[in-house]
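Thanks for coming. I will take the two chains in turn, and then a few places in more detail. Please have the structure open as I talk.

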Amino acid sequence: MTSDGLEFAGHQFARASLDHCVKCTICETACPVAAVTPLFTGPKFVGPQAERFRNGESVDHSLDYCSSCGTCTLVCPQGVQIAELNSQARAVMKSDHMPVRDQLISRTTLMGMAMTPVAPLANAALHVKPIRTVVEKVFGIHRDAPMPTARTQTLHGWLKKRPAPKKAPTRGTVVFFHGCAGGYFEVETSKKSIEVLEHLGYRVIVPKQGCCGLAQQSNGLFDAATASVLQLCDDLRSAGKGLTIVSSSGSCTGMLKHEAHEIMGVTDDRLKDVAVRIRDMMEFLRDLHEAGELPTDFRPIEMTVPYHAPCQLKSQGMGQPAVEVLRLIPGLTVVESGATCCGIAGTYGLKKEKYEIAQAVGKPLFDMVKATNPDLALCDTETCRWQIAQSSGVPTEHPIWMIHRAYGLS
Amino acid sequence: MPRAGKDARVPDKIGGFVRKLAVDVVVVGGGSTGAGVVRDVAMRGYSTVLLDRADLGQGTTARFHGLLHSGGRYVVSDPLSATECADENAILTRIQASAIERTGGYFVTAPGDDPAFADKFLAGAAATRVPAREISVGEALKAEPRLNPGILRAIEVQDGSVDGWQLVWGAARSAINHGAQILTYHKVTKIERDANRVTGVRCVDLKTGEEVQIDCGFVLNCAGPWAGQIAAMADCEPVDVIPGRGIMIAMNHRLVNRVINRCIYPADGDILVPVHTVSIIGTTDVKVEDPDNLAIPHEEVQEMLDAGEILIPGFRQARAVHAWAGARPLIKDSRVAAADTRHMSRGMAVIDHTTRDGLDGLLTIGGGKLTTYRLMAEHIVDAMCTKLGEKRACHTADEVIPGSESGKTYVVTHRLEAREHDRTEDQIICECELMSRKMFTDALAEQPRGSFDDLRRQLRLGMGPCQGGFCSLRATALALEADHIDVERASGLMKLFLKNRWIGLWPILYGDQVRQTALDNWIFQGTLDVEHLPQPEQEVEL
């Protein structure tokens with residue numbers, strides 16, 4: 001691969017940002033992966049340092065130990081796009097030897113479509129050790145890695161069959177973006193989000209929608225990811241001009257808000273249009289509250305619950321809206337995890353060569369969750385919830401479940 | 001280090017000791033010319049010693065862009081130099097591959113430049129046998145996305161970049177293998193003559209203070225901008241060397257991966273060269289009196305940044321890491337006005353002191369450029385052989401230099417690849433330039449009396465964006481740990497290193513580099529109180 005080969009529009013911008021690095025090492029001290037394995041040379045090394053030694057050809061394959069959690073970019077006080085540089089270098093590195101596994105696990109819609117009709121069978125299979133061992137050997141997906149639970153009904157299946165909402169809309173229309181997981185696996189979270197929005201008086205449109213391409217992007221499949229994200233923009237824009245888009249799929253929201261642009265350099269106007277209109281579910285509620293428009297007639301819930309803010313939510317630069325909204329519920333004590341990352345980072349912790357690292361990264365979080373409440377934890381993003389639930393044994397829900405309950409909807 | 005000739009100590013007149021050597025030829029000056037000359041002399045079977053008052057390549061040689069000319073720069077202005085460059089470029093890439101990166105280069109017509117110059121250029125390239133091919137602007141912009149999208153024409157040439165220190169050290173190591181002796185930090189104090197014949201050279205070992213007397217039959221003066229001073233030590237009529245000062249600025253990363261030249265008659269700030277991890281813009285050309293006192297004037301820095309902006313829009317927003325000045329070693333030529341040093345003879349000039357001063361056994365060489373250093377050496381050694389009435393053929397173009405046996409040219413990914421392999425076994429001392437602990441301790445063992453700048457020239461220690469802010473502390477600790485020096489000298493060496501880095505930082509303190517220097521300053525002044533470290537009795541200068 002020469003410099004004439006793979007060129008990303010976003011790369012020139014990210015590369016220019018390396019000029020801001022003063023070698024302060026703050027990113028290195030915050031990196032959850034470098035803290036647990038010497039195999040990863042750390043964000044300062046693979047980002048602003050190694051980038052000066054790159055000219056198209058990929059020689060530092062250990063950069064793939066980066067989980068793309070984005071913590072480095074978030075903590076850099078100088079504005080270096082460390083994670084973005086690394087994601088771009090990884091795409092160059094993998095461009096001539098993309099593992100089948102990475103192509104497969106990044107096709108999230110396909111997985112959902114394949115598993116839903118045979119949900120009980122798929123779920124059973126995913127818990128059968130010999131099957132998982134074969135999967136690990138053949139595809140490199142670790143036998144103990146968390147897997148989504150397939151549902152017998154998709155979100156769109158539910159939408160088709162459910163009775164019309166009882167309350168007439170009083171606040172206008174919003175578009176709901178559910179993401180692949182929210183369509184096939186985390187159907188309950190999508191349902192509860194829609195019900196809360198309807199409870200607040202919104203008419204909710206759920207257009208037919210595809211994948212945002214995040215998993216493809218984090219696996220270095222930039223062309224496919226770009227095609228996916230632009231198709232999704234078309235899908236979401238088809239619901240109506242200028243409407244606010246709300247999503248309970250936190251990482252996919254990040255992809256639309258900034259990652260597709262900053263990592264892959266997508267400058268398409270359709271993406272810009274969606275990026276400025278999309279809100280994370282809890283961010284949307286927090287903004288309503290700040291505007292004095294959120295009803296706070298919550299039922300008390302006497303409980304102490306651990307909350308983990310996912311990396312991909314933190315990197316959206318919107319604070320921790322879930323914490324702000326949850327704290328409006330009487331009786332509820334929300335304890336922030338204080339942990340950097342759960343380790344899964346999308347598909348990273350599924351891979352057999354990364355599994356142990358991902359577990360080590362998440363260990364302080366798993367311990368904290370267990371100690372805080374062995375029965376329930378809250379977290380905004382799907383794969384993080386699966387990781388926390390699988391590794392700590394504590395059932396983990398999206399914060400909207402708690403809001404849903406507090407509004408008396410469940 | 002193998003020794004050439006006799007090496008003995010004899011009492012001198014005032015009770016100390018004088019180290020005595022005897023060789024056929026003394027080469028004065030350890031720049032590219034001197035290193036090439038000592039290699040050639042040794043390969044032709046003469047016993048020889050090279051003297052430099054400082055480190056190899058510390059004077060003019062490495063104070064340059066890092067450009068290995070394709071010859072393109074001279075196809076219109078200096079056709080002979082163009083052909084020489086093209087030929088030597090091919091030879092050096094063959095014999096000194098590890099010091100050279102085959103980046104390729106473009107000559108581009110910037111907005112406002114005369115597009116017709118490119119036609120003269122192409123005609124000149126054809127006439128001088130310099131490979132050149134016009135490509136579409138689109139192709140150039142695709143390969144170099146930061147290039148000014150307003151360029152009108154682009155011509156592809158075989159420019160490369162070269163590490164001047166590695167080039168010189170490579171030649172020196174080859175010379176050592178052929179029996180030569182290299183004495184750095186040996187300052188010539190006198191060229192001794194017996195009536196009209198050179199008989200020896202007297203010098204002083206600056207690191208030990210020891211005097212050295214070298215008997216010889218011939219002296220080759222390769223001292224570049226200092227050639228006049230050396231000739232004067234043989235009581236010759238002054239040789240008029242006009243040092244032409246040029247400044248250069250290294251930018252923090254490779255803004256381009258090919259050499260970018262303006263396709264115009266040679267002018268200030270017309271070249272941007274990717275060398276190692278940086279890209280270097282240059283240069284200016286101002287006649288100066290003293291090659292030991294080269295300023296980096298503010299207005300020239302601004303001129304270079306403006307010139308960079310023409311090639312790469314947004315250049316001023318990019319981070320500059322270091323600036324320096326070098327002196328061209330031009331020998332006065334009556335054909336051009338003395339104030340215009342750029343257009344003086346870039347070809348080489350050999351001054352024959354027999355005809356000029358009635359002194360046998362001394363030749364002075366001037367002019368030339370790094371790309372043609374091997375050819376210059378061939379010429380001056382040929383001239384010496386003629387004077388000695390001997391026929392000894394030059395083989396320097398045929399023998400590969402130590403370290404380049406594989407024939408593999410340098411690529412910028414080399415160190416990243418090396419660190420990928422030893423990342424779990426070794427520490428990194430200089431993070432910016434990815435220099436490992438082993439690289440440093442090995443070089444230190446080879447040069448236990450070396451300053452950190454001596455080691456820097458071999459290892460690129462402290463040459464990245466932090467400019468020694470982090471690595472100099474680690475280097476100091478390692479040097480102390482290696483037991484070569486005491487704590488006073490260790491802190492003295494660190495302060496000297498930082499002082500020298502600062503010379504190149506002051507002129508470019510703007511933008512991102514200000515933040516770095518502020519942080520470095522807090523570390524050294526605020527946290528470490530560097531001014532009150534254990535002081536050596538005498539300030540460490542070497």
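Predicted model: local features only at pLDDT ≥ 70, side-chain atom pairs only at ≥ 80, totals over all residues.

Where they touch, domain 1 of chain A supplies twelve residues and domain 2 of chain A supplies twelve residues. On the domain 1 side, the largest share comes from helix α4 of chain A, residues 71-75, with three residues. By class, that side of domain 1 of chain A has six nonpolar, six polar and no charged residues.

Now chain A as a whole. Its secondary structure comes to 22 helices and eight strands. Along the principal axes, the C-alpha atoms of chain A fill a box of roughly 60 × 50 × 40 Å. Of the 410 residues in chain A, 54% are buried. As for contacts in chain A between residues at least 6 apart in sequence, 78% of them join residues at least 24 apart.

How many residues of chain A are in contact with chain B? The count is 25 residues of chain A, against 30 residues of chain B. The chain A side of this contact divides into nine nonpolar, eight polar and eight charged residues.

On to chain B. It is divided into three parts: domain 1 (6-59 + 165-225 + 346-388), domain 2 (98-161 + 242-331) and domain 3 (414-532). Between domain 1 of chain B and domain 2 of chain B, the C-alpha centres lie 33 Å apart. Eight residues from domain 1 of chain B and eight residues from domain 2 of chain B take part in the contact. On the domain 1 side, the elements giving two or more residues are α5 (164-177) and β23 (362-367) of chain B. The most comes from α5(B), with three residues. That side of domain 1 of chain B has three nonpolar, five polar and no charged residues.

Next, the cores. In soluble globular proteins, nonpolar side chains tend to be buried together. Here the largest nonpolar core has 138 residues, and the members that touch the most others are Val229(A), Phe440(B) and Leu461(B). Take Leu461(B): beyond its neighbours within four places in sequence, its contacts include Phe440(B), Phe452(B), Leu455(B) and Ala475(B). Apart from that core lies another, of 130 residues, with Val27(B), Ala154(B), Ala227(B) and Ile331(B) among them.

Now some strands of chain B. Strand β21, residues 320-331, is mostly covered, with eleven of its twelve residues buried. Strand β16 of chain B, residues 241-251, runs antiparallel to β21(B) and is joined to it by eleven bridges. Within that pairing, Ile247(B) stands opposite Ala325(B).

Strand β18 of chain B, residues 271-275, has five of its five residues buried, so it is largely enclosed by the rest of the structure. In a regular strand the side chains alternate between the two faces of the sheet. For β18(B), one side has Ile271(B), Val273(B) and Val275(B), the other has Leu272(B) and Pro274(B), and all are buried.

What does β18(B) pair with? Strand β17 of chain B, residues 259-262, is antiparallel to β18(B), with two bridges. There, Ile260(B) has Leu272(B) as its bridge partner. Strand β19 of chain B, residues 278-282, pairs with β18(B) over five bridges, again in the antiparallel sense. In β19(B), the residue opposite Leu272(B) is Ile281(B). β18(B) and β19(B) form a hairpin with two residues between them, and His276(B) in the turn has a positive phi of about 50 degrees.

A residue needs 20 or more C-beta neighbours within 10 Å to be buried; Asp453(B) has 19, so it counts as partly exposed. Leaving aside neighbours within four places in sequence, Asp453(B) is in contact with Phe497(B) and Asn500(B). Asn500(B) is 47 residues from Asp453(B) in sequence, and their C-alpha atoms are 8.2 Å apart.

How values were computed: Residues numbered from 1 in each chain as written. Chains lettered and ligands numbered in written order. Helix = DSSP H or I, 4+ residues; strand = E, 2+ residues; numbered from the N terminus. Contact = placed C-beta atoms within 7 Å. Domains from an automatic or database assignment. Nonpolar A, V, L, I, M, F, W, Y, C, P; charged D, E, K, R; others polar. Core = buried A, V, L, I, M, F, W, Y, C linked by C-beta atoms within 7 Å. Pairing = 2+ DSSP bridges.
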